[in-house]
Amino acid sequence: RGLGSDMVSPKTRYLVFFQYFGSKYRASSPRELLASPLLTIFSHTVLQKAAQNLKSVIPIKFHISSRTDAGVHALCNSAHLDIQRAPGKPPFHERELVCSLNHYLKPDILSACRVAESFHARFCARSRTYVYRLLLGCSHHSEIPVFERDLCWAPAGGPLDVPAMQDAAGFLLGTHDFSTFRSLSSDTPLKSPVRTILQADIRPSGGLLSHHYEGLEFWELEFRSRSFLYRQVRRMAGALVAVGQGKLSPLHIKELLERKDSRAFPPHAMAPPSGLFLKSVAYNEAGR
């Protein structure tokens, strides 16, 4: 039966992929930051305001796949949302939805696709991949190139022992209790500390305009898992850098895993948020 002008349009669920520069989004108060990391702040401000212009019959709520701390960036994060248009109006075409949202957004919506009503951006994700960017060769923070500031971490102390870091990363692979590698949060008692790390790679990388920067080296730490604990990636990255600096041995990573206690993590070893990027969220159904 055709869709009449007085007939209610169907509710349609979409999966959208988007990117953002994390340094632009901060919690407005310590209480807000404690209660909800960046992704909730981002979705409830920037995304929600843009969605109001879609004139959905029902309120639009973005269900985000992956939370990130303030200062952490996303090359590609994802969320699902339901839209019900006014009577007589057909569902948005995917490209039309992307253009409509981007008209009001500075962070880009990269793509969108229609998904089943049972789809959930968070729970249907097959894996999440994070990249942590390191800059070596800076003796002082002021030496970080202006176009790389807030996009990498330049740890002090000279060159890193990359082979030792690679040995240490091997202990992180597989299924473990990662209690030592998570920060405590309000939902800590509700979540199992067991996670499976599918990838933990360390490799050289290029920086923006890196051929202009003599004596500087860029490296990437890449981690992939179905899900991560609160600040787990920043703790793993910081621990591996500590190994590269000789402050920890590769075997210390194994010992930290066996401790299963967040208080056993070395003080001040967690990597800062500025070098961390959510690279991708993969799904079977969405083909990403």
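User: What should I know before I start?

Analyst: Residues are numbered from 1 along each chain as its sequence is written, and side-chain values use heavy atoms, with hydrogens and water left out. Because the model is predicted, local features need pLDDT of at least 70 and side-chain atom pairs count only at pLDDT 80 or more, while totals for chains, interfaces and linings use all residues.

User: Which residues of helix α4 are buried?

Analyst: Buried means under 20% relative accessible area, exposed over 50%, and partly exposed in between (1.4 Å probe, protein chains only). Helices (H or I, at least four residues) and strands (E, at least two) are DSSP runs, numbered from the N terminus. In α4 (residues 162-172), Val-162, Ala-164, Met-165, Ala-168, Ala-169 and Leu-172 are buried. They cover an arc of only 150° around the axis, so they lie on the same side of α4; the arc is taken from the directions from the helix axis to the C-beta atoms.

User: Which exposed residues does the face turned away carry?

Analyst: That face of α4 carries Pro-163 and Asp-167.

User: What do the buried residues of α4 pack against?

Analyst: With contact meaning heavy atoms within 4.5 Å, their partners include β5 (125-136), β7 (194-205) and α5 (232-244).

User: How many disulfides does the structure hold?

Analyst: A disulfide is a covalent bond between the sulfur atoms of two cysteines. Here the criterion is a pair of cysteine sulfur atoms within 2.5 Å, and the structure holds 0. For Cys-152, the closest cysteine sulfur, in Cys-138, is 7.3 Å away, too far for a bond.

User: Is Cys-152 buried or exposed?

Analyst: Cys-152 counts as buried because its relative accessibility is 5%.
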